[in-house]
Amino acid sequence: MKNQEEKIVVLTAYDHPTARIVDEVGIDAILVGDSLSNVVLGYENTLSVKMKEMLHHTKSVARANPNSLLIGDMPFGSYQVGAKEAVKNATKFIQEGGAEAVKIEGGKESVSKVEKIIDAGIPVMGHLGLTPQKILQLGGYQPRGKTAKEAQKILKEAQMLEEAGAFSVVLESIPQELGKIITEKLEIPTIGIGAGPHCDGQVLVFHDLVGLTEFSPKFAKKYINLDSFIEKAVKEFRKEVKSKEFPNQEHSYNMEKEELNKLKSNLEENS
Ligand code: KIV
């Protein structure tokens, strides 16, 4: 697709119904992102989500049998310890979760793990720029690579990941100029999120796109305000239950008259 200049569309999904819709639309790849942590599970950031939770949600997405490439995001602590642990956990994403590839954050420090996971036969997507699993060191979610020195480091690490065998690399929150340079220098596709229009593809967090997050970053475009639709429906339900409008005959079941009479006489006999 990169060679044919066809943009690659990637979206996160964390459950079966969303995966079904996303796949039906023809999204090229589904990422079960570790954004599951804050976006769905209500943790403060992405540091809290565990392998067990990631696998639980990856399985749910996989049950939709998507045609889209299914990528599992390796959570904080599942690969940093060492290559052996990284291969073990990446294998779980494939064997238990039903994913077809994994994503790993980080540059130089992640290269040895990327190589070993690829040696094990598992495709790896990299993730550079703003890497939210490093939030404690970074101190905030500001864009990265704004200085020539840091931009050069990100480019070098992207090249290292390509050399290590990564099939693609996510570029998060970097200046568009840097997104363009990295995209031109790499043979593998770049997937941008807040990295400008020149990347080979774009990824968004599903809940940002549909307007289900309390806070969304500058780079996230809200295509619909779903929370106001949901709020309206829930309000209506509450109102109708309180006013005894719901459930009406349309939403109720009936017993056969004969069975109802039998029940009533049985109850009378026993009373
Ligand atoms: O976890 C996630 O949703 C991600 C995307 C922001 C790429 O890593």
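In the predicted model, Glu172 is located in strand S6, which spans residues 168–172. This residue carries the "active site" annotation in UniProt, where the entry is unreviewed. With a relative accessible area of 10%, Glu172 falls under the 20% cut-off and is therefore classed as buried.

The surroundings of Glu172 were examined next. Apart from residues up to four places away in sequence, Glu172 touches His127, Leu128, Gly129, Leu130 and Pro132, together with Ile193, Gly194 and Phe219. One of these neighbours, His127, is also joined to Glu172 through a polar contact between the two side chains, at 2.8 Å.

Glu172 and His127 both belong to the set of residues surrounding the ligand.

For Ser35, an N or O atom of the side chain is 2.5 Å from a ligand oxygen atom. In the case of Asp34, a polar side-chain atom lies 2.8 Å from an oxygen atom of the ligand. The side chain of Asp73 has an N or O atom at 3.2 Å from an oxygen atom of the ligand. On its own, the ligand has 260 Å² of accessible area, of which the protein covers 95%.

Note on methods
Residues are numbered from 1 along each chain as its sequence is written. This is a predicted model: local features need pLDDT of at least 70, side-chain atom pairs count only at pLDDT 80 or more; totals for chains, interfaces and linings use all residues. Side-chain values use heavy atoms; hydrogens and water are left out. UniProt positions are given in the numbering used here, feature names are shortened, and annotations may be inferred rather than shown by experiment. Helices (H or I, at least four residues) and strands (E, at least two) are DSSP runs, numbered from the N terminus. Buried means under 20% relative accessible area, exposed over 50%, partly exposed in between (1.4 Å probe, protein chains only). Contact means heavy atoms within 4.5 Å. A polar contact is a pair of N or O atoms within 3.5 Å; within protein, one must be able to donate a hydrogen and the other to accept it, and residues adjacent in sequence count only if both atoms are side-chain atoms. A residue is near a molecule or strand if one of its heavy atoms lies within 4 Å of it. Accessible areas come from the Shrake-Rupley method with a 1.4 Å probe; for residues, only the protein chains shown count as cover.
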